[in-house]
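Here's a quick briefing to read with the model open beside you. Have a look around first, then work through the topics below.

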Amino acid sequence: MANPADPTSAEETTAIAIATPSTSEVQAHTQQTTPTGTTTSTPPAATSPAIIFPKSYSFPPFFTLQPTAQTRHAQLVKWSALTQRYCRHHRQWKLRLPDALATPLFHNKELNKRLSLRDARAVIDFMASKQGDERAEWVASTDEQKLEAWIWWRRPEEWGNLIADWVEGTGQKGVVLTLYELVEGQETEGQEFWGLDAEVLRRGLAALVKKGRAQVFGAEDQMGVKFF
């Protein structure tokens with residue numbers, strides 16, 4: 001199973017840095033709706049080291065999925081790792097493919113090569129499959145509506161476990177915490193789950209509730225959670 005902390009293979013680590021989007025582009029990608037219903041932006045990734053692209057990103061054939069099964073599978077594995085890395089770098093929870101095709105993820109301006117919409121859908125289909133470690137999930141399931149997908153560089157249950165580990169580590173089991181405190185509070189600032197998308201947070205907590213590790217209280221706009 002892929003490690004969510006580094007969704008890349010050994011080949012990916014011997015990579016080259018490619019120019020990242022402008023600050024305005026990054027901010028557009030990192031805007032999100034918080035549990036309180038407001039829209040915020042996480043600190044732009046432009047302030048962090050440049051994203052590392054795999055060596056294969058510099059070869060034109062990488063941008064066309066090959067018909068040979070073995071070669072195609074190898075390409076899809078690399079595209080999955082790159083997509084997870086890119087979304088994690090920009091703290092991006094969803095990809096809308098028509099928009100993503102214009103970003104450095106799918107478009108190498110230096111080569112003037114771009115992944116087609118059909119091939120981008122094939123990448124997400126692979127990521128959503130068991131073979132692709134279920135690292136994506138289509139927002140709509142019909143083929144003509146496959147335009148937007150969740151990208152699980154951490155799955156919801158993995159986010160839930162990360163939050164539960166922090167709660168245990170800070171001695172707050174049995175304490176009711178608001179969703180705002182968890183993902184926007186000063187106490188959690190600097191944690192990886194700070195600024196987490198509201199829907200991903202709810203799904204992560206639901207996974208903990210199902211395992212008997214948490215209980216959620218309150219109305220939609222003032223929800224709290226107790227961890228066990």
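Where is the place of Asp133? Asp133 sits in the loop between helix 5 and strand 8, with helices (H or I, at least four residues) and strands (E, at least two) taken as DSSP runs and numbered from the N terminus. Bear in mind that this is a predicted model, where local features need pLDDT of at least 70, side-chain atom pairs count only at pLDDT 80 or more, and totals for chains, interfaces and linings use all residues. Residues are numbered from 1 along each chain as its sequence is written, and side-chain values use heavy atoms, leaving out hydrogens and water.

- Asp133 has a phi near 65°, a positive value in a residue other than glycine.
- With a relative accessible area of 17%, Asp133 is buried (buried means under 20% relative accessible area, exposed over 50%, and partly exposed in between, using a 1.4 Å probe and protein chains only).
- Glu134 is found in the loop between helix 5 and strand 8 too, and its phi is near 50°, again positive in a residue other than glycine.
- Glu134 counts as partly exposed, at 35% relative accessibility.

**Helix 3 against helix 5**

- Helix 3 (residues 69–89) packs on helix 5 (residues 117–128) at an angle of about 85°, and their axes are 9 Å apart. Axes here are lines fitted to C-alpha atoms, for helices over the stretch in contact, and angles run from 0 to 180 degrees between N-to-C directions.
- That makes helix 3 and helix 5 roughly perpendicular to each other (angles of 65 to 115 degrees count as roughly perpendicular, under 35 as roughly parallel, over 145 as roughly antiparallel, and the rest as oblique).
- On the helix 3 side, the contact (heavy atoms within 4.5 Å) is made by Arg72, His73, Leu76, Val77, Trp79, Ser80, Thr83 and Gln84; helix 5 brings Ala122, Val123, Phe126 and Met127.
- The residues of this contact of helix 3 with helix 5 split into seven nonpolar, four polar and one charged. For these classes, Ala, Val, Leu, Ile, Met, Phe, Trp, Tyr, Cys and Pro count as nonpolar, Asp, Glu, Lys and Arg as charged, and the others, Gly among them, as polar.

**Helix 6 against helix 8**

- Helix 6 and helix 8 pack at about 75°, with 7 Å between their axes, so helix 6 and helix 8 are also roughly perpendicular to each other.
- Pro156, Glu157, Trp159, Gly160, Asn161, Ile163 and Ala164 of helix 6 meet Val200, Leu201, Arg203, Gly204, Ala207 and Leu208 of helix 8.
- This contact of helix 6 with helix 8 divides into eight nonpolar, three polar and two charged residues.

- Three strands make an open sheet in the order 5-9-8, with antiparallel pairing (two strands pair if DSSP finds at least two bridges between them).
- Strand 5 (94–96) and strand 8 (136–138) are the edge strands, each pairing on one side only.
- From one strand to the next, the twist averages 25°.
- Strand 5 pairs with strand 9 (residues 148–151) in the antiparallel sense over three bridges, and Arg96 stands opposite Glu148 in strand 9.

**Aromatic pairs**

- The count comes to eleven aromatic pairs, where rings of Phe, Tyr and Trp (its six-membered ring) pair if their centres lie within 6.5 Å, with planes under 30 degrees apart counted as stacked, over 60 as edge-to-face and the rest as tilted.
- Phe63 and Trp79 form an edge-to-face pair, 5.6 Å centre to centre with 80° between the planes.
- Phe63 lies in the loop between strand 4 (52–53) and helix 3 and Trp79 in helix 3, so this pair ties together parts that are 16 residues apart in sequence.
- Phe63 is buried at 2% relative accessibility, and Trp79 is buried at 0%.
- Trp166 and Phe193 are another edge-to-face pair, 5.8 Å centre to centre with 70° between the planes.
- That pair links distant parts of the chain, 27 residues apart: Trp166 is in helix 6 (residues 156–169), Phe193 in the loop between helix 7 (179–184) and helix 8 (198–210).
- Both Trp166 and Phe193 are buried.
- Phe53, Tyr57, Phe62, Phe63, Trp79 and Phe106 are linked into a cluster by ring pairs.

**Around Phe227**

- Phe227 is found in strand 12 (residues 224–227) and counts as buried, at 2% relative accessibility.
- The C-alpha atoms of Phe227 and Val167 are separated by 7.4 Å, though the two residues are 60 apart along the chain.
- Leaving aside neighbours within four places in sequence, Phe227 has contacts including Ile163, Ala164, Val167, Leu205 and Leu208.
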